[in-house]
Amino acid sequence: MSYDMMLNEFVSVLIASNELCPLPLITLHEESKENRFASSFDLLFEMVRQHLQSARVWSTEQKEAMKQRKLGIMQTMRDRLLAVDTGCDKKEPPTAWTAKSREEVYSIFCDTFRQLAAVYAQRDDLDLRFVGMEQVDRTHPVNLAAATHFRALSFLNAGDSKPESPLLVLDMDVQGMSRMHYWFNVCLHAHRIRVQA
């Protein structure tokens, strides 16, 4: 197996284990000059890949500082998600949450992605924009990516034995999840974090 193939597989596992969900990142289509949107995980994959290749020449201190920044961003995201007032008990699924809390969760994920992207790019001036959750219909690839990512995250964390975990009680396959609204698949990611805290 070539170095590139091993690197791609490693990056795929890193992304599959990330607690963020795929977001609808606005992109510019070169030929038509139209704004479109694609999965933020496509960009994340390339950023992580480039980051790992660049990190080979960094000092141990530089690597540790970068690691701590990323861990801090993810912990802040978890803390913010735990503080969201969903209007119900934390064990209640996203279908019981208020619309305002769903939007807040989405905003937290978008903020977190921007912060992580800035770390990977080593630039604070990135202009990353996302369409609203309501613009992602059930058939869009970003919705399927969110459902698929949640299931992958579930399998990677199959050792989780907390009975209230949505990973154990959600009896739905990827096809079923991809037929749900995008907000549902986004909020499932937050719900997982909230019940496992």
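The axes of helix 1 (3–16) and helix 5 (residues 141–156) come within 9 Å and cross at roughly 95°. Axes here are lines fitted to C-alpha atoms, for helices over the stretch in contact, with angles running from 0 to 180 degrees between N-to-C directions. Helix 1 and helix 5 are therefore roughly perpendicular to each other. Angles of 65 to 115 degrees count as roughly perpendicular, under 35 as roughly parallel, over 145 as roughly antiparallel, and the rest as oblique. From helix 1, V13, I15 and A16 meet H149, A152, L153 and L156 of helix 5; contact means heavy atoms within 4.5 Å. Helices are DSSP runs (H or I, at least four residues), numbered from the N terminus.

This is a predicted model, in which local features need pLDDT of at least 70 and side-chain atom pairs count only at pLDDT 80 or more, while totals for chains, interfaces and linings use all residues. Residues are numbered from 1 along each chain as its sequence is written, and side-chain values use heavy atoms, with hydrogens and water left out.

Helix 3 (residues 60–83) and helix 4 (residues 99–121) have axes that come within 10 Å and cross at roughly 175°. That makes helix 3 roughly antiparallel to helix 4. The residues of helix 3 that take part include M66, R69 and I73, and those of helix 4 include V105, F109 and D111.

A search of the whole structure finds 7 salt bridges, each a side-chain nitrogen of Lys or Arg within 4 Å of a carboxyl oxygen of Asp or Glu. Three of these pairs are tabulated here.

| Pair | Closest N and O atoms |
|---|---|
| R49 and D4 | 3.1 Å |
| D111 and R114 | 3.3 Å |

R49 forms its salt bridge with D4, and the pair links distant parts of the chain, with R49 in helix 2 (residues 40–55) and D4 in helix 1, 45 residues apart. R49 is buried, with a relative accessible area of 12%, whereas D4 is partly exposed at 40%. Buried means under 20% relative accessible area, exposed over 50%, and partly exposed in between (1.4 Å probe, protein chains only).

R80 lies in helix 3 and D111 in helix 4, so the pair ties together parts that are 31 residues apart in sequence. R80 is partly exposed at 32%, and D111 is partly exposed at 24%. D111 and R114 both lie in helix 4, 3 residues apart, about one turn of the helix.

Definitions and conventions: Helix = DSSP H or I, 4+ residues; strand = E, 2+ residues; numbered from the N terminus.
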